[in-house]
Amino acid sequence: MEETLSSAPSSDTMKDVDHFEELSDTDKAHLERTVWRKLDRWVLPICTMFYLLSFLDRSNIGNAHIAGMQTSLKMTNYQYSIALTMTYVPYIAAEFPSNLLLKYVGPRWMLPAMVTVWGLVATMQGVVKTYSGLLACRFFLGLMEGGLFPGLVLYMSFFYPRERLQIRVATFFASASLSGAFSGLLAAAILELNGRGGRPGWAWIFIIEGIFTFLFGLMAFLVLPNSPSDARFLSTKERDYVMAKLKADGAVASDEKSDDFSWTEVLRCFQSIHVWLLAPVLFFLGTTLYGLAYFEPTIVKELGYAGTNAQLMSAPPFAVAFVVSIITAVISDRYKCRGFMLIFFSVCNLIGFVMFYASESYHIRYGSLFLTISGSYCGAPPVITWVANNSAPHVRRATSVAIAFIMTNAGGILATWLLGSLSPQPDYTKATITFIIMSVGMVVLSIATLAHLWYQNRLKSHRRQCGTPEDEPKGLGDKSAWFIYNL
């Protein structure tokens, strides 16, 4: 019984999937291989590129900063922190309504529209002449980007069952660490355009990367599907199979009415203990992640590298994080160990920040960046997937994912001040101590969440022995005894 209820599809579950009872095991195996491969070819690359461009366009200000932007616009460190914060205020405000609107407006229209508009805004950063112009661009950049990451996580849950979700989330989130590596290398190349068209090199970073985002957003209108049911690259049989698998897994409701918007479901999400146990973890993780995203090039510069070398040496820690993220996501999906992965990377964070704090050696401090960047960037996919996996139906999941990203980006606001003006270079002592405390908090709260979900699964097991699904009230979602929390 327990095996049938787990998130991995058993042979018994496969026999019960709507309209597929008559299929042979060979046909089912062929469908399994074909449908996920097609989705991985058509949906996943676009989502990955969306997030790569999002992170690139939001964090390339760090590369522009060390390329002379602050001097050109006559900004103080305090004003630079204001510019970074300006992105996050509308970013956070947009996340919750955007997630609720996504299904009803339609992902194929809403997601590419966001990308196209912010590509224009990102390009405009390269033509500003004043600090106030930069602030305006950062505000609208945050407003347009705000709904993207929570929207992508929600969008992916329209296509993949729970046990297949993290490797996909990790793939497009790993593009954030890839963008960190790519951003440094690309910035080093773009700076060769310094003086062309009467513009400094830092301005060309914004212009070239922004134009590419704009063009990619336009292209995405032509290929992005709303859901498996209208994916043109799937046959009718394949569409039905995917939808049946999603319903059997609990990733989508068995009827459309259960997924309709309801304020009751929004309120039920706010009553979920596991969401609030993970909320501080997401805040802590957001603080460390965005702190490193924005200030890692500056930290590397303070370790004795200058000019183009600083841009180039900022890349390796992000490249390592990309590889580690993909490998550990495969392990997490295979063994369904979201919580253990989160704990592991929280410990990596802790060790890395302790190394940076305790040593004055430039080599050790540079080495610590490999641990902290991997800990932050690779810890995000399991915790985000953990939240999404354990929330149902649709509105409850949309709300929990929005809460997750609101907390993450609230951490981003704190990071801009901790490393921007409250903690002086090159030691960043106050920031590093804060990050150490946060890493400890991540470990403790992750263990608490794991224990809570394990206990809830035990209680559900006892309830299942005393009844049947028909005995339960309708609309319980993840509170149902037949919904097994992923650990």
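Arg365 is buried, with a relative accessible area of 6%. Buried here means under 20% relative accessible area, exposed means over 50%, and partly exposed lies in between (1.4 Å probe, protein chains only). The model is predicted: local features need pLDDT of at least 70, side-chain atom pairs count only at pLDDT 80 or more, and totals for chains, interfaces and linings use all residues. Residues are numbered from 1 along each chain as its sequence is written, and side-chain values use heavy atoms, with hydrogens and water left out.

Arg365 pairs with Asp427 in a salt bridge, with the closest N and O atoms 2.9 Å apart. The two residues join distant parts of the chain: Arg365 is in helix 18, Asp427 is in the loop between helix 19 and helix 20, and 62 residues separate them. Asp427 is partly exposed, at 37% relative accessibility. A salt bridge is defined as a side-chain nitrogen of Lys or Arg within 4 Å of a carboxyl oxygen of Asp or Glu. Helices (H or I, at least four residues) and strands (E, at least two) are DSSP runs, numbered from the N terminus.

The whole structure holds twelve salt bridges. One of them joins Arg463 to Glu472, with 3.3 Å between the closest N and O atoms. Arg463 is partly exposed, at 40% relative accessibility. Glu472 is buried, at 17%. Another salt bridge joins Asp478 and Lys479, with the closest N and O atoms 4.0 Å apart. Asp478 is buried, at 0% relative accessibility, whereas Lys479 is partly exposed, at 32%. Both residues belong to a network of salt bridges that also includes Glu265, Arg268 and Arg396.

Tyr51 and Phe149 form a tilted pair, with 4.3 Å centre to centre and 35° between the planes. Tyr51 lies in helix 4 (residues 44-59) and Phe149 in helix 9, so the pair ties together parts that are 98 residues apart in sequence. Rings of Phe, Tyr and Trp (its six-membered ring) pair if their centres lie within 6.5 Å; planes under 30 degrees apart count as stacked, over 60 as edge-to-face and the rest as tilted. Tyr51 and Phe149 are both buried. Ring pairs place them in a cluster, whose members include Phe55, Tyr88, Tyr91 and Tyr290. Tyr294, Phe318, Tyr377 and Phe405 are also among the cluster members.

Helix 9 spans residues 148-157, and ten of its ten residues are buried, so the helix is largely enclosed by the rest of the structure. Among these buried residues are Pro150, Gly151, Tyr155 and Ser157.

Thr213 sits in helix 11 (residues 201-220). Thr213 is buried, with a relative accessible area of 0%. A polar atom of the Thr213 side chain lies 3.1 Å from the backbone oxygen of Glu209. Beyond its neighbours within four places in sequence, Thr213 contacts Leu53, Asp57, Val115, Trp118 and Gly119. Contact means heavy atoms within 4.5 Å.

Lys38 is in helix 3 (residues 25-42). Lys38 counts as buried, at 19% relative accessibility. Not counting residues up to four places away in sequence, Lys38 touches Phe233, Leu234 and Glu238. Lys38 and Ile384 are 346 residues apart in sequence, and their C-alpha atoms are 24 Å apart in space.

Several loops carry backbone features of note. Most residues other than glycine have a negative phi, and most peptide bonds are trans. Ala392 and Pro393 are joined by a cis peptide bond, with omega about 5°. Pro393 is in the loop between helix 18 (362-389) and helix 19 (394-422). Gln425 and Pro426 are also joined by a cis peptide bond, with omega about 0°. Pro426 is in the loop between helix 19 and helix 20 (429-465).

Lys74 is not a glycine, but has a positive phi of about 55°. Lys74 is in the loop between helix 5 (61-72) and helix 6 (77-105), and is exposed, with a relative accessible area of 71%. Lys336 also has a positive phi, near 55°. Lys336 is in the loop between helix 16 and helix 17 (338-358), and is partly exposed, at 27%.

Tyr335 is in helix 16 (residues 315-335). Tyr335 is exposed, at 55% relative accessibility.

Technical notes: A polar contact is a pair of N or O atoms within 3.5 Å; within protein, one must be able to donate a hydrogen and the other to accept it, and residues adjacent in sequence count only if both atoms are side-chain atoms.
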